[in-house]
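Opening the notebook on this one. I'll jot down what I look up as I go, starting with the charged pairs.

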Amino acid sequence: MILGIGSDLCNIVRIQASLDRFGDRFLNRVFTDIERAKASRRPHTIAGTLAKRFAAKEAFSKAVGTGFKRGVFMKDIGVVNAPSGAPTLQLTGGARARLDAMAPPGHAIEVHLTMTDDHPWAQAFVILYARKMEP
């Protein structure tokens with residue numbers, strides 16, 4: 001069963017402006033080490049890479065129904081790649097706690113993420129799906 005859906009649209013130019021104005025302060029406050037490393041490997045599309053991840057964080061906060069409140073912080077939501085290459089979320093802290101609290105008894109929650117960009121926009125969708133665990 002679907003427990004939550006979230007989407008977000010992020011302006012890549014806005015992310016570039018934040019990078020230009022705040023630099024490492026912005027990067028370290030919002031993005032995980034893995035996300036910063038991924039962006040740095042894409043020198044021609046750093047802002048687009050980060051904008052997609054920013055949108056994914058926003059989409060997750062909407063899917064869990066809290067926004068960035070009740071202990072859910074941007075840095076606790078990290079975009080990583082599954083072994084298949086598909087993007088997914090690695091959650092820590094309050095983001096992990098909020099997701100765990102949503103799980104119905106006997107169910108595990110799967111996080112499905114898709115991201116795209118077409119300058120000047122980046123977009124992400126998150127679907128939270130409760131899967132019944134095998135006994």
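This is a predicted model: local features need pLDDT of at least 70, side-chain atom pairs count only at pLDDT 80 or more; totals for chains, interfaces and linings use all residues.

**Salt bridges**

I started with Asp 117 and Lys 52, whose side chains meet in a salt bridge at 3.3 Å, N to O. Asp 117 sits in strand β4 and Lys 52 in helix α4, so this pair ties together parts that are 65 residues apart in sequence. I checked cover for both partners: Asp 117 is partly exposed at 35% relative accessible area, while Lys 52 is buried at 15%.

How many salt bridges does the structure hold? I get 6.

Next I looked at Lys 57, which forms one with Glu 35, the closest N and O atoms being 2.9 Å apart. Lys 57 is in helix α4 and Glu 35 in helix α3 (residues 33-40), so parts 22 residues apart in sequence are tied together. Buried or exposed, I wondered about Lys 57? Buried, with a relative accessible area of 0%. Glu 35 also counts as buried, at 0%.

Then Asp 100 and Arg 96, a salt bridge of 3.2 Å, N to O. Both lie in helix α5, 4 residues apart, about one turn of the helix. Asp 100 is partly exposed at 46%, and Arg 96 is partly exposed at 34%.

**Helix α5**

While on α5 (residues 93-102), I listed its buried residues: Gly 94, Ala 95, Leu 99 and Met 102. They cover an arc of only 135° around the axis, so they are on the same side of α5. I then asked what covers them; the cover includes β1 (2-11), α4, β2, β3 (87-91), β4 and β5.

**Nonpolar surface patch**

I found Ile 2, Ile 5, Ile 127 and Tyr 129 forming a nonpolar patch on the surface, with about 360 Å² of accessible area together. β1 and β5 are the elements that give two or more residues to it. I looked up Ile 5, which is in strand β1, and it is exposed at 56% relative accessible area.

Most residues other than glycine have a negative phi, and most peptide bonds are trans. Arg 70 has a positive phi, near 55°; it lies in the loop between α4 (46-63) and β2 (77-81) and counts as exposed at 67%. A cis peptide bond joins His 119 and Pro 120, with omega about 15°. Pro 120 is in the loop between β4 (107-118) and β5 (121-132).

Key
Residues are numbered from 1 along each chain as its sequence is written. Side-chain values use heavy atoms; hydrogens and water are left out. Buried means under 20% relative accessible area, exposed over 50%, partly exposed in between (1.4 Å probe, protein chains only). The arc is that of the directions from the helix axis to the C-beta atoms. Contact means heavy atoms within 4.5 Å. Patches are made of residues with over 30% relative accessible area and no salt bridge: like charges are joined within 9 Å, nonpolar side chains (Val, Leu, Ile, Met, Phe, Trp, Tyr) within 5 Å. Accessible areas come from the Shrake-Rupley method with a 1.4 Å probe; for residues, only the protein chains shown count as cover. A salt bridge is a side-chain nitrogen of Lys or Arg within 4 Å of a carboxyl oxygen of Asp or Glu.
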